[in-house]
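Please look at the chain displayed here, and then follow the text from its pocket to its surface and its charged pairs.

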Amino acid sequence: MQAMKVTITGRKVNLHEHFKELAQKKLNRFDRVFDEDAQAKVVVTLERNRQTVEITIASRGMIYRAESTGFDMNEALDQVISALGHQIRKNKARLEKQIHSAALDRYLLEYPDQEPEENDAYEIVRTKHF
């Protein structure tokens, strides 16, 4: 399995090899979500002793982007990775919901005469009081 293509750029700052390896390692955990056609761009900018890390991931027409500013670029990188993970999970849940909804609609179109009976009796199994 190939990893996504990662481009790391530093603006007004020289990036150490350690930071590049760390960014690559943290982005590798998204490899199971994206295929090898995905491209990730990491841009680190230094302005007035504050470092901004911006990551953009493009894959199959979807674009995920997150940015964080902090005094330490490793801390900002952690925040950006966390934000990207949240976006990816949120989008995955939304897509799964659409797929299940479409499957239900397709089922109802194929079998329109099978509607649930209104007279089905429900049995109360347990009652909770708070």
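**Pocket, patch and salt bridges**

The lining of the largest pocket is made up of seven nonpolar, three polar and six charged residues, where Ala, Val, Leu, Ile, Met, Phe, Trp, Tyr, Cys and Pro count as nonpolar, Asp, Glu, Lys and Arg as charged, and the others, Gly among them, as polar. The model is a predicted one, in which local features need pLDDT of at least 70 and side-chain atom pairs count only at pLDDT 80 or more, whereas totals for chains, interfaces and linings use all residues. Residues are numbered from 1 along each chain as its sequence is written, and side-chain values use heavy atoms, with hydrogens and water left out.

The lining consists of 16 residues, and V33, F34, Y64, I88 and K92 are those that lie nearest the centre of the pocket. Two elements, β4 (62-70) and α2 (73-110), each give two or more residues to this lining, and the largest share, six residues, comes from α2; helices (H or I, at least four residues) and strands (E, at least two) are DSSP runs, numbered from the N terminus.

Helix α2 also holds L104, which together with Y107, L108 and Y111 makes a nonpolar surface patch of about 390 Å². Such a patch is made of residues with over 30% relative accessible area and no salt bridge, like charges being joined within 9 Å and nonpolar side chains (Val, Leu, Ile, Met, Phe, Trp, Tyr) within 5 Å; the accessible areas come from the Shrake-Rupley method with a 1.4 Å probe, and for residues only the protein chains shown count as cover.

Side chains of opposite charge can pair when their charged atoms come close. With a salt bridge taken as a side-chain nitrogen of Lys or Arg within 4 Å of a carboxyl oxygen of Asp or Glu, the count comes to four. In one of them D78 pairs with K26, the closest N and O atoms being 2.6 Å apart. Because D78 lies in helix α2 and K26 in helix α1 (residues 17-28), this pair ties together parts that are 52 residues apart in sequence.

Another salt bridge joins E54 to R65, with the closest N and O atoms 3.5 Å apart; E54 belongs to strand β3 (residues 50-59) and R65 to strand β4, so that distant parts of the chain, eleven residues apart, are linked. R65 also meets E67 in a salt bridge (2.6 Å, N to O), and through shared partners E54, R65 and E67 are joined into one network.

Note on methods:
1 Å grid on protein atoms, 1.4 Å probe; cavity = no way out; pocket = protein on both sides within 12 Å on 5 of 7 lines; lining within 4 Å.
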